[in-house]
Amino acid sequence: YYLPKFFKYLILGGGVAAGYAAREFVKQGVKPGELGIVSEESVTPYERPALSKGYLFPTNAARLPEFHVCVGSGGERLDPKWYEEKGIELILNTKIVEASLHSKTLRSENGIILRFGALIIATGSRVIKLSDFGVEGDDQAKNILYLRDVKDADKIIEEMRDKKNGKVVVVGGGYIGLEVGAALKLNNLSVTMVYNDPWLMSRLFTKEIAEFYERYYMSRGINLINETSVIELEADSSGEVKKVKLKNGRELEADFVVVGVGARPSTSLFQGQIEMSRGGIKTDGLFKTSIDDVYAIGDVAWFPMKIYNEMRRVEHVDHARKSAMKAVEGIMAKGKVVEEYDYVPYFYSRVFDLSWRFYGDNVGDATVVFGNRNPGAKKPKFGCYWIKDGRIMGGFLEGGSDEENKAIQNMAWHQHKVEDLQELKAKAERTVVHN
Ligand code: FDA
Ligand code: NAD
């Protein structure tokens, strides 16, 4: 029915990486009509991190078009008009259900056929569902919410309005759990967080770091239940979940449930066609995959992390932006030599009045914690270094200034040598006290 449409360059996915790639294509001289972006979402690329933060605020909430890319890194805001002016075709509300990488064709759910010269896979991640763990009652009820895109965030807002001052159970004590838990509390809901790890954000935080946030959350009136998981979500006759049953035997009342139990790269379309590892698409240092003219960026890329001499996948926005720019630089190089991606991981979060940053790798044989971890302090400020074989591998800082965060980034990047842990601690203590 539809005639196939050809693009010299086609981006599959319309998230963070797609938006930053589009900007880079324009910078590198792409011509009108050469670039297309196909996305399941109904809006042009935006800064996804806003969804679990400003978007959920009770007042002055962030709304599109305010946070289209690239405002999250202090860049120009690319609104729909920008794409039009640059001759970039946005094919929105279009889910790709079949990809044939060898014949360079994509097919959408509604029958559109797209052909490409080069393809950039930027499909990001999808949420892991409680039903994936065999939890009963997950798929049936309309008040069990996940968070990945604007539509999901709008559903959370709707439930917050409908269940004013009600009870909400947040499942997961990772990024989504912490950020959404805080936002729900700011909206005056009674919040209980349940997670199956011994402490919050256990993938990154040490016990000492987590302890601060746990005490802080409790002081804000949030209930925390650790080391247990959800086994059943029990709905009433109206089809809404009212009860959350835990493995430890407890039962929690809930007006609605928000779940953040992790994400998986969205790569099922390419299974069996391309080299992959643990769900990620294998790339080189310029994000080329095992197939000619096919690239993968952002959450889906399993790429050589030069600094650690290891293949890694990173599910964070800074890498989504930078991998996108690097891939496009390579695609448009026209014979020019492009340096391979050289990256030090950077993660961050903001909740309530708190704000932390982490640079590097949270590995090693020792950690050094410094500063004031009293959650009652007017401005708590503390940090942590991870040390391996006498070198700083990672650095964490809560409440740091731009300059201090830069210093931490620098240490993780250059892997500063550490002679004496006591000395490192004393020096760090002096620095946080004086600033
Ligand atoms: P992204 O998920 O942004 O985009 C993927 C796009 O592909 C989507 O538009 C999707 O609809 C589309 N797509 C997928 N399959 C498709 C198909 N078959 N057909 C058509 N379209 C398809 N990180 C961080 O460092 N700091 C932070 O504060 C946050 N905060 C945060 C909040 C929330 C709520 C989430 C969900 C995530 C974060 N992150 C984050 C993580 C960060 O947002 C994430 O790493 C990047 O968005 C990844 O960018 P990508 O472009 O790879 O995927
Ligand atoms: P996560 O991996 O950060 O956290 C998962 C949490 O769920 C952990 O606390 C874990 O203990 C818990 N959990 C897992 N299975 C469980 C079960 N069966 N019952 C109870 N608890 C269980 O994942 P997330 O918070 O869902 O984040 C999803 C994605 O969004 C990730 O890619 C993340 O990087 C991204 N994100 C990042 C940020 C940020 O960087 N600030 C913010 C939001 C989202």
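G36 is buried, with a relative accessibility of 0%; buried denotes under 20% relative accessible area, exposed over 50%, and partly exposed the range in between (1.4 Å probe, protein chains only). The structure is a predicted model, in which local features need pLDDT of at least 70 and side-chain atom pairs count only at pLDDT 80 or more, whereas totals for chains, interfaces and linings use all residues. Residues are numbered from 1 along each chain as its sequence is written, chains are lettered from A and ligands numbered from 1 in the order in which they are written, and side-chain values use heavy atoms, with hydrogens and water left out.

G36 belongs to strand β2 (residues 35-38); helices (H or I, at least four residues) and strands (E, at least two) are DSSP runs numbered from the N terminus. Leaving aside neighbours within four places in sequence, G36 is in contact (heavy atoms within 4.5 Å) with F7, Y9, L10, I11 and E89. The C-alpha atoms of G36 and L90 are 6.0 Å apart in space, although 54 residues separate the two in sequence.

The shell of ligand 1 holds 30 residues, of which E41, R48, K53, R148 and D299 are the closest; a residue is counted as near a molecule if one of its heavy atoms lies within 4 Å of it. By class, this shell consists of 12 nonpolar, 10 polar and 8 charged residues, where Ala, Val, Leu, Ile, Met, Phe, Trp, Tyr, Cys and Pro count as nonpolar, Asp, Glu, Lys and Arg as charged, and the others, Gly among them, as polar. Helices α1 (16-27) and α6 (317-331) each supply at least two residues of the shell around ligand 1. An N or O atom in the side chain of E41 lies 2.6 Å from an oxygen atom of ligand 1, and a polar side-chain atom of R48 is 2.8 Å from an oxygen atom of ligand 1. The backbone also takes part, with a polar backbone atom of A122 at 3.4 Å from an oxygen atom of ligand 1. Taken alone, ligand 1 exposes 990 Å², of which the protein buries 93%; accessible areas come from the Shrake-Rupley method with a 1.4 Å probe, and for residues only the protein chains shown count as cover.

A backbone N or O atom of Y175 lies 3.1 Å from an oxygen atom of ligand 2, and a polar side-chain atom of R203 is 3.1 Å from an oxygen atom of ligand 2. A polar backbone atom of V261 is found 3.5 Å from an oxygen atom of ligand 2. Taken alone, ligand 2 exposes 860 Å², and the protein buries 87% of that.

In soluble globular proteins, nonpolar side chains tend to be buried together. A nonpolar core is here a set of buried Ala, Val, Leu, Ile, Met, Phe, Trp, Tyr and Cys residues joined through side-chain atoms within 4.5 Å. The largest such core has 107 residues, and F25, L184, Y213, Y217, W356 and F396 touch the most other members. Helix α1 gives the most to this core, with 7 residues. A second, separate core of 21 residues includes L101, F116, I121 and V294. Beyond four places in sequence, the contacts of F396 include F205, I209, Y213, W356 and I408.

T206 lies in the loop between β10 (190-194) and α5 (207-219) and is buried, with a relative accessible area of 12%. Neighbours within four places aside, T206 is in contact with W199, T367, C384 and W386. K381, in strand β25 (residues 381-388), is buried with a relative accessible area of 12%. The side chain of K381 makes a polar contact with the side chain of E404 (3.0 Å); a polar contact is a pair of N or O atoms within 3.5 Å, and within protein one must be able to donate a hydrogen and the other to accept it, while residues adjacent in sequence count only if both atoms are side-chain atoms.

E251, in strand β14 (residues 251-253), is partly exposed at 45% relative accessible area. N309, in the loop between β20 (301-305) and β21 (310-312), is exposed, with a relative accessible area of 73%.
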